[in-house]
Structure formats: C-alpha cells, structure tokens
Amino acid sequence: MAMATYRAFQAVGGGKLELVDRPLEPPAPGMVRVAVEACGVCHTDVLTVEGGFPGVNYPRVPGHEAVGRVDAVGEGVARWSPGQRVGVGFLAGRCGKCPSCRRGDFVNCTNQLITGIHLDGGYAEMMLASEHALVAIPESLHSAEAAPLQCAGVTTFNALRKSVARPGELVAIQGLGGLGHLAVQFARHMGFRTAAIARGPDKRDLALSLGAHHYVDSEAEDPARRLRELGGASVVVATAANPGTFGPLLGGLGPNGQLVVVGAGLEPMQVKVADLLFGERSIAGINTGTPVEIEDALNFSLLQDVRAMIETVPFERAPEAYARMLANKARFRMVIEMRPDS
Ligand code: ZN
Ligand code: ZN
C-alpha cells in the first residue's frame, strides 16, 4: 500500500512557496491533526515566506487562519474528537508554566509558539496543532468565512473591546483594508460612534456601507483636526501597514484617549511627546487573541452579521493568493480553499 500523503505549500525562504507531498503523521500526545478546509492569507505570513521572523526554520508551511475538521487526536486529548470543526489561529499554544501563563495571561506567554513560524500552518491539506490552540467553529459559519476572523477578526475585535471606549463614544478606525474593514463593522456593532479614516474620496461609500457614521478623507483634511471637531475620539485603532502614519493620529484623541495599534510594520512610529502629556493619552498594542477569544469574535460576528469581505482561490493557487495579498490587491482578505463546499 502506498504511504498516505498530503499536499502542502512550504516556504523555503526568499519568497518561495513550493508544493510538496508530505507523509501523513500521527498526532503526538496533546496534539490534534486537522484536515484543513480553508486558510486565510495574512500579511504576517510575509515573516515566514520572505523571512524576517527570528527563529523560523525552513521548510515551514505558513498560514495562521486555518479552519477544518479534526482528523485524528493524540494521546491525552480530551476536549476534541474526530469530525469536530475547528480552527487554528496565530497563537499556537502556551507553555502553561511561565509567570504570564500562571496568571492566566496566555496571549503574553513568554514561550508562545506561533502557527506558521514554529509549527507548520494551514497552507496545506493537513496540519498538526496543539489541543490548546484549537478554536471551536460554529456550524453556521462557512470555513472560508470563519478563516479571516481568526486573525484579522479577533485582532480588531479585541482592539475595541479591550480599549477604554464606552458605548456611544467616538471611535476612529484608520485604514479600510483587511483589518480596517472589519474594525469598522465591529465598532459600529459594539455601539460606538464610528469614524473611518482612509485616503481619497473613493472609500467613502465603502466606509458608510460598513457602518461608519463619519468618513474622514485623510488626503483632503487632517484626520486629527477632524476628530477633534467631532469631539475627540476615545480610541483610534491604527490598522495601516505604515507605522509612520500612526503618530499624528494621537492629536485626534480626547482626554485619556487611547491609540490602539494593530497594523504591523517594521519601521518605527514617531510620537510628539506633547500629544501624550496634554490629555494624558496612551498608546497600546494588541497581539491577536487566545483561542477562546477567537470564539468570542466568531460568535459576535454571527450575532451581529459581521463578515470579512473575501476573495477565494483553490488550494493549488495558494502562491497566487499570497502574491495578491503582498501586492496589496486583496479585496479584502484572500482565503485559500482546500474544500470549497465546506
Ligand atoms: Zn495574521
Ligand atoms: Zn507560558
């Protein structure tokens, strides 16, 4: 009998993704094997495919927005059983032993493993994940719909619900891309007066259709001044990929306002200290969320009809999906489908 194999796109460094057949391996104790049905393409996949993340060993399969069904479970796994619909997000499993873990602060585990960096991810027909990394996927969400909510979704969801903003207050979302178009929907449905900031007049209709109450064209006006005219924002969520654009947004915050950074970029952000001192404003970061927080984001999305706008491609065209994301052409999240009917 031929050895059972599965197909995967593995990164080998330098931007290359190669299609390989890999032998199917049984899950180790505490691990679960997942038959992947869909996987979102996230900008952070760049750190695996192009390189740049310290400690990434090649070959490595990228992809941390995976959804599928449990295929096999390793010894000692009690919570999950074959056939269950599950997802795997960015955080691949906490150590359970470090001071953060002992406090129950699993996002900040100092030995945190990352899907697609330390463990193979979802650009594949099969993947192995820690039982602690798995997300229960509601049956009423399609796999391709659920996929991007596991990174882009939970990140913007947590950015808002962990912020200082209270219902009715002004919240501004900078950027209307993969993260921003979700953040606007979440902000609206969480009960905030929602302003969307993007470049050019063309994005206005999109912003309003996503639920924004105000649209700020950053090419036509200074966003900080406009936010002050609107009364000052309690929170600005910065979702753009260029941190150089974040600092000036501080000026749009009201007293005790918070700039929440979720857009990942390598260059530094610059801040005028006076913008922090006067108004006692602060800056915070959000690193996706734990599996149970992803479940919160999925359930909220179902409750309030929040969805990512996605473009899907079949598994064989995964490199094309990655290239489209990299070229900033995705409208708005690319999803690779292994089983388009799921
Ligand atoms: Zn991501
Ligand atoms: Zn830990």
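Which residue just after α4 takes a positive phi, and of about what value?

A: Gly-191 does, with a phi of about 95° just after α4. This is a predicted model, so local features need pLDDT of at least 70 and side-chain atom pairs pLDDT 80 or more, while totals for chains, interfaces and linings use all residues. Residues are numbered from 1 along each chain as its sequence is written, chains are lettered from A and ligands numbered from 1 in the order written, and side-chain values use heavy atoms, without hydrogens or water. Helices (H or I, at least four residues) and strands (E, at least two) are DSSP runs, numbered from the N terminus.

Start with α4 itself. The helix covers residues 180–189. It is mostly covered, with 8 of its 10 residues buried (under 20% relative accessible area; exposed is over 50%, partly exposed in between; 1.4 Å probe, protein chains only). The buried set is Gly-180, His-181, Leu-182, Ala-183, Val-184, Gln-185, Phe-186 and Ala-187. These residues pack against helices α3, α5 and α8 and against β10, β11 and β17 (333–337). Contact here means heavy atoms within 4.5 Å.

Next, the core. Phe-186 of α4 is among the residues that touch the most other members of the largest nonpolar core. That core holds 46 residues (buried Ala, Val, Leu, Ile, Met, Phe, Trp, Tyr and Cys joined through side-chain atoms within 4.5 Å). At least two core residues each come from α3, β10 (170–174), α4, β11 (193–198), α5 (204–209), β13 (233–238) and α8. The largest share, 9 residues, is from α3. In soluble globular proteins, nonpolar side chains tend to be buried together.

Now α8, one of the partners of α4. Its 14 residues, 291–304, reach 20 Å from first C-alpha to last, close to the 20 Å expected at 1.5 Å a residue. The expected span is 1.5 Å times one less than the number of residues. Buried along α8 are Pro-291, Glu-293, Ile-294, Glu-295, Ala-297, Leu-298, Phe-300 and Ser-301. They pack against α4, α3 (143–161) and β9 (134–136). Val-292 also lies in α8, but at 51% relative accessibility it counts as exposed. Val-292 and Phe-186 are 106 residues apart in sequence and 18 Å apart in space, C-alpha to C-alpha. α8, too, is followed by a residue with positive phi: Asp-305, near 60°.

Last, α3, which packs against α4. It carries Cys-151, a ligand of a zinc ion. Zinc ion (ligand 1) is coordinated by Cys-42 (SG), His-64 (NE2) and Cys-151 (SG) at 2.0 to 2.2 Å. Donors are N, O and S atoms within 2.8 Å of the metal (3.2 Å for Na, K and Ca); water is not among the atoms, so sites may look incomplete. The donor spacing in sequence is C-x21-H-x86-C. Cys-42 sits in the loop between β3 (31–41) and α1 (46–49), 109 residues from Cys-151, so the pair links distant parts of the chain. Cys-42 counts as buried at 6% relative accessibility. Cys-151 counts as buried at 6%.
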